[in-house]
Amino acid sequence: MNIEGKLGLDVFKIDKERHITIDVEVCNAVCTNKACLYVCPAHLYEIDDQGNNTVNYEGCLECGTCLICCDHRALTWHYPRGEYGVQYRMG
Amino acid sequence: MEKVDCIVVGGGLAGLSAAYGLVSEGLEVIVVERGDYSGAKNVTGGRLYVSPIRDIYPELWESAPFERHVARELVTLMGEGASTTVELASDRFATAPHQSYTVLRARLDQWFADQVMEKGGMVITKNRVDDILRDESGRVIGIRAGDDEIGADVTIIAEGVLGLLSSKIGLREEPAARDHALGYKEILELPPGVIQDRWHLNDGEGAAHLFMGKVTKGMMGGGFLYTNKESISLGIVVGMQTMKDRREKVDSYTLLDEFKEMPQIKPLVEGGTLVEYSAHAVPEGGIAKVPKLFGDGYLMVGDAAGLALNALITVRGMDFAIASGFYAARAAIDAKARGDFSAAGLAQYERSLRSSFVLKDLQTARDIPHTIENPRLFTHYPQAVSSLLEKLFTIGPQPSRKLSSTVISAVRKDFLNPTTLRELWAMRKI
C-alpha cells in the first residue's frame with residue numbers, strides 16, 4: 001500500500017485553517033538540506049512546479065519531525081485547533 | 001479568571017497520572033486535552049513496563065486495558081545477506097505479576113481518563129491549550145485555551161515531547177534533532193490464534209521483537225514488532241539527526257515498506273490487515289537534556305520533560321510518564337497543605353524523582369545517548385556477528401576448518417582491530 005493509501009486509513013478531521021506554513025522565501029533562499037522533504041513519515045512536503053516547497057497539512061500525523069529538523073526556522077508549526085487533525089483509534 | 005487547584009496541560013499518561021493522584025486527594029483538577037479523547041494524539045511503539053510503577057496506584061493496573069504480557073523477547077541483528085536473532089523465552093516474564101505489557105495508547109489513555117473522571121476529575125477534550133500564562137514575576141498562573149483563561153495554583157505541564165508551549169516561554173529548550181527520534185508504525189490486524197502460532201505464545205502472552213542494522217540502512221535506530229491482542233504494531237524508530245546527516249537521503253516512510261518486505265519480516269506480517277498508520281517524535285537526549293522540572297507555579301512531567309530512555313534492548317517512556325505524574329501530584333498536594341506553590345514549595349518533586357527509578361535510571365544510562373550515535377553499531381556489528389555465525393554453520397565443497405580457527409580468524413578480522421577495540425572499550429560506560 002502506498003503512503004496515500006496508508007493515510008487514507010487514518011481518521012482525520014481537517015481544519016480549513018492550516019497549522020503548518022512554510023516561509024517560502026527563507027526556504028528558497030537559505031535552505032539547502034530541505035530535510036522536511038525526506039524526514040516526514042507521511043511524505044507531505046513536495047516542491048511544486050514553481051520550485052516552491054509546499055505541504056499538504058491535511059494528512060499531518062502531528063509528529064513534529066519537520067519542525068525539529070528544519071534548520072532555518074522556515075516553518076510556522078503549531079498543533080491543529082482542538083477537535084481537528086488526526087485522531088488515532090489505536091495509537 | 002476562573003481558578004482551580006490544578007490545571008494539567010495534556011491528557012496523556014503523564015498528565016492523567018498527575019490528575020489521578022490529585023483527585024484522589026480531593027484536589028480540584030482540570031485536564032485539558034486537544035484530541036477528541038485522551039490518546040487520540042498519542043502513539044507508542046508498543047510496550048509499557050509495569051514493574052517500576054506497580055506500587056504507584058496499585059489498584060489501577062489489574063483492570064487496565066493492556067494487550068498482552070510480554071513473555072518472549074527477541075532481538076535481531078540484521079546484516080547484508082544474513083541476520084542473527086536472539087530469543088529469550090522467560091518463565092519469569094510469563095508468570096504473574098508480569099513485568100511488561102504491550103499496549104495501544106488510544107485504549108489505554110481513554111481508560112485512564114475514565115478513571116480520573118470517576119474520581120471526580122474533569123477532563124476537557126477537543127481543546128487546545130494556546131498559552132501557559134505567567135504574571136509579571138514570571139510565576140505560572142494558569143492557561144489560555146481559545147478565549148478562555150483558567151487560573152491554577154499549580155499548572156502541570158504534560159504537553160508532550162515537542163514542548164511547544166513551554167519552550168515558547170523559555171521553560172525549556174526547543175527540541176533539537178540530535179536529541180530526538182522519529183517513531184512510526186503500522187497496526188496490522190491478525191487473528192489471535194495466528195499471532196499465538198506465529199510467535200509461539202500461550203493465551204494472553206505476547207512477544208516484543210527489536211531489529212537493528214540493515215532496517216535503518218545504518219542510521220541510528222531500529223525496527224520493532226509488538227504483538228497486541230488482535231493485531232501487531234510494526235514500526236521503525238530512527239534518529240532525526242542521523243537522517244539529516246546521511247549522505248544519500250532516505251525518505252523515512254520507505255524504510256518501513258522495505259522492512260516489511262525483508263525475508264525476516266514478510267512471513268510474520270503475511271495476511272495482516274493494515275488498519276492504522278501513525279507517527280510520533282521520541283525524546284532521546286537522556287538526562288543531559290532533561291529541563292528544569294519545576295518552578296514558581298508549575299511542574300513538568302513525562303515526554304515534555306524528556307523523561308524517556310532508549311537503552312537499545314529496552315525502550316521506556318510510559319513508565320517514566322506515569323511515575324513523574326504521580327510524584328508531581330504528591331508535590332502539588334504537599335504544596336497545597338503548606339500553601340506554598342513557589343519553586344521552593346514544589347522542589348520536592350525533583351527530589352522524589354531523583355530518589356526514584358525515574359532520574360536514577362536516566363542517570364545510570366547517562367552515557368547511552370552519545371554512545372549509540374556511533375553508526376557502526378548499526379552497520380559493522382550486526383554484519384560481523386551474522387557473518388561469523390554464517391561461517392560456522394556453512395558446509396561447503398571444500399574440507400571444513402576447525403571451529404576454533406573459523407572463530408579466531410573472524411574475531412581477528414572483525415573485532416581485534418583498533419577501531420572496534422576502542423568502541424568496545426567505550427561501551428563499558430553503558
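In this predicted model, strand β2 of chain B, residues 29-32, sends B:V29 and B:V31 to one side and B:I30 and B:V32 to the other, and all of these residues are buried.

The path from β1(B) to β2(B) passes through helix α1 of chain B, residues 13-24, and the three elements together make a right-handed β-α-β unit. From this helix the reader can move on to the packing of helices in chain B. Two packed helices are described by the angle between their axes and the distance between the axes. For α1(B) and α9(B), the axes come within 7 Å and cross at roughly 35°, and the crossing is right-handed. On the side of α1(B) the contact is made by B:L13, B:A14, B:G15, B:L16, B:S17, B:A18, B:G21 and B:L22, while α9(B) contributes residues including B:M318, B:I322, B:F326 and B:I333. Sorted by class, this contact has 13 nonpolar, five polar and one charged residues.

Helix α9 of chain B, residues 318-338, also meets helix α11 of chain B, residues 348-355, with axes that come within 8 Å and cross at roughly 145°. This crossing, too, is right-handed. The residues of α9(B) that make the contact are B:S324, B:Y327, B:A328, B:R330, B:A331 and B:D334, and those of α11(B) are B:Q348, B:Y349, B:S352 and B:L353. By class, the contact of α9(B) with α11(B) has five nonpolar, three polar and two charged residues. B:S324, B:A328 and B:R330 of α9(B) belong to this contact, and B:S324, B:A328 and B:R330 are also among the residues through which α9(B) touches α1(B).

B:I53 is found in the loop between β3 and β4 of chain B, and B:I53 counts as buried because 25 other C-beta atoms lie within 10 Å. Leaving aside neighbours within four places in sequence, B:I53 is in contact with B:D319, B:I322 and B:A323. B:I322 is also one of the residues by which α9(B) contacts α1(B). B:I53 and B:F357 are 304 residues apart in sequence, yet their C-alpha atoms are 9.4 Å apart in space.

Some places in the loops of chain B deserve a look at the backbone. Most residues other than glycine have a negative phi, and most peptide bonds are trans. B:A96 and B:P97, however, are joined by a cis peptide bond with omega of about -5°, and B:P97 is found in the loop between α2 and β6 of chain B. B:K126, in the loop between β7 and β8 of chain B, has a positive phi near 60° although this residue is not a glycine; with 17 other C-beta atoms within 10 Å, B:K126 is partly exposed. B:H200 likewise has a positive phi, of about 55°, and is found in the loop between α5 and β12 of chain B. B:H200 counts as exposed because 12 other C-beta atoms lie within 10 Å, 12 or fewer being the cut-off for that class.

Finally, chain B touches chain A, in a contact that takes 40 residues from chain B and 31 residues from chain A. On the side of chain B, the elements that give two or more residues are α3, β11, α6, α7 and β15, and the largest share, eight residues, comes from β15(B). The residues on this side of chain B divide into 21 nonpolar, nine polar and 10 charged.

Methods
Residues are numbered from 1 along each chain as its sequence is written. Chains are lettered from A and ligands numbered from 1 in the order in which they are written. This is a predicted model: local features need pLDDT of at least 70, side-chain atom pairs count only at pLDDT 80 or more; totals for chains, interfaces and linings use all residues. Axes are lines fitted to C-alpha atoms, for helices over the stretch in contact, and angles run from 0 to 180 degrees between N-to-C directions. Helices (H or I, at least four residues) and strands (E, at least two) are DSSP runs, numbered from the N terminus. A crossing is left-handed if the near helix is turned anticlockwise from the far one by less than a right angle, and right-handed if clockwise. Two residues are in contact if their C-beta atoms, placed from the backbone, lie within 7 Å. Ala, Val, Leu, Ile, Met, Phe, Trp, Tyr, Cys and Pro count as nonpolar, Asp, Glu, Lys and Arg as charged, and the others, Gly among them, as polar. A residue is buried if 20 or more other C-beta atoms lie within 10 Å of its own, exposed if 12 or fewer, and partly exposed in between; C-beta atoms are placed from the backbone. A crossover is right-handed if, with the strands pointing away from the viewer, the path from the first strand over the helix to the second runs clockwise.
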